[in-house]
Amino acid sequence: MIQGLSLPLFVTSTICLLLSFFFVLLYHRLTSRHEESVKYYLIFSIAALVSGIFFGAFAVMLNAGDNLTYLSISNRVTVVAAMFTTVLSLHFYLAFFKFEAPASLKWCYGICAAFSIATVIPSSLFLDNAFYATSSYYTGLAFGPLFELWGVWILVLAVYCIFILFRVFLRQRRRQLQTREKEQKDSNTSTVLLLLLANTIWMITGVCDMLTGVQVADLPPLTWIGSFLVTSTIAWALVLHIDDLYEERRLLSDRLMYDHLTQAFSRSYLEIRLTEAVNLMLRRELKWLSVCVFDVDNFKTINDQYGHASGDALLTRITSIIKENIRQSDCIARLGGDEFVILFTETQNENHAPAIVERIRAHVANTQFGEGDNAFNASCSFGIVSVTPDQLTMNDLPNQMLSSADEALYSAKHKGKNAVGMATLSDLS
């Protein structure tokens, strides 16, 4: 039985050591490359490392029944590692779920440190260098009353972990009922339930081993199974959490890149695209660069007459019309209100931007917006400026092009609206 347990223990020890190195590297990458606040990755890495040491020492202890030196070392390492595995798991739960613990972690670490000192020094009050047949499965060291107190302390820590997870579960359930984001919250609640179950099994196996140690029961070693289950469950929860981190990053990127109403690009992203396009022209990779600024004619009147909801729907529909008529290399961005910008890039000698804009103007003018009594027609006015690589002689060209296209837009307004105004580089000069 003892020999049969050694291989699984050494395998689990190796897995935990590999997990610790993997999550250390992951922690370093997330903090250095992406500036994510993932302190709990480091905490789990240390916990996995200590768990690996615990499993390895436990395997040696099971096979050291006839060697007092090996038995003494492995017993003491197992005691210290089991203790810190538990408190590190508690630390992880508090950090991962951002839970304010009623008791300070400093006291937990301090008590564990005191027990560690007592473990290192052979004593009849704690662990003495003498064989003690704890059961028919394995042999330990002779223990005293302080060791029994240590067992109670480990049990208290385990119960406290379960208590914290239970409180977290209640908090997640409460939030789930208060939010519409059911799918995400259900996922978080399931993770807490899984951790709660794993920790309960861990505590039960620990109690079984404790009863065997004081010769109340005669069971095979079970704590290592519960400990490995908890370590594996936490690792799985962290792997799932990586998806959440990058989903949050993607949503943040979308908020910065897209206008939330129309799904046109944002002004900040337009500035990036415009600067990139100018750089491409400097390298002669583009033949033409055109900027078109446009807005909706009499947009305030439409809002006042048909309501802001109709105005918002109008902006969204116009954006869709633009996207249907421009090419994949072009883009549309919303500057604010009813003002938009279309960026055209052309790799051929002919500039197609004016023809595309005229087609868009006619499409918008011939489209009926709204429904029923709220049906109405609308039009847009446009201002375009186009440059070629030979004309890139101005400082701050992106802003100059936007200003010139804006002036061309107002020129179109003065012509009676629903028109296209043109500007040239000579106008800019």
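Colleague: Why does N418 count as partly exposed?

Modeller: Buried means under 20% relative accessible area, exposed means over 50%, and partly exposed is in between (1.4 Å probe, protein chains only). N418 has a relative accessible area of 27%, so it is partly exposed. Bear in mind that this is a predicted model, where local features need pLDDT of at least 70, side-chain atom pairs count only at pLDDT 80 or more, and totals for chains, interfaces and linings use all residues. Residues are numbered from 1 along each chain as its sequence is written, and side-chain values use heavy atoms, leaving out hydrogens and water.

Colleague: Where does N418 lie?

Modeller: Helices (H or I, at least four residues) and strands (E, at least two) are DSSP runs, numbered from the N terminus. N418 is in the loop between α12 (397-414) and β9 (420-423). Its phi is near 50°, a positive value in a residue other than glycine.

Colleague: And K98, what is its phi near?

Modeller: Phi of K98 is near 50°, again positive and not in a glycine. With a relative accessible area of 65%, K98 is exposed.

Colleague: How many residues of α3 are buried?

Modeller: 21 of the 29, so α3 is largely enclosed by the rest of the structure.

Colleague: What does the same check say for α10?

Modeller: The 18 residues of α10 (residues 308-325) should span 26 Å, and the end C-alpha atoms are 26 Å apart, so the two agree. Buried residues of α10 include L314, L315, I318, I321 and I322.

Colleague: At what angle do α3 and α4 pack?

Modeller: Two packed helices are described by the angle between their axes and the distance between the axes. Axes are lines fitted to C-alpha atoms, for helices over the stretch in contact, with angles from 0 to 180 degrees between N-to-C directions. For α3 and α4 (residues 105-120) the angle is about 175°, with the axes 9 Å apart. That makes the two helices roughly antiparallel, a label for angles over 145 degrees.

Colleague: Which residues in α3 and α4 meet?

Modeller: Contact means heavy atoms within 4.5 Å. Among the α3 residues are V80, M83, F84 and V87, and the α4 side includes L105, C108, Y109 and C112.

Methods. The expected span of a helix is 1.5 Å times one less than its number of residues. Angles under 35 degrees count as roughly parallel, over 145 as roughly antiparallel, 65 to 115 as roughly perpendicular and the rest as oblique.
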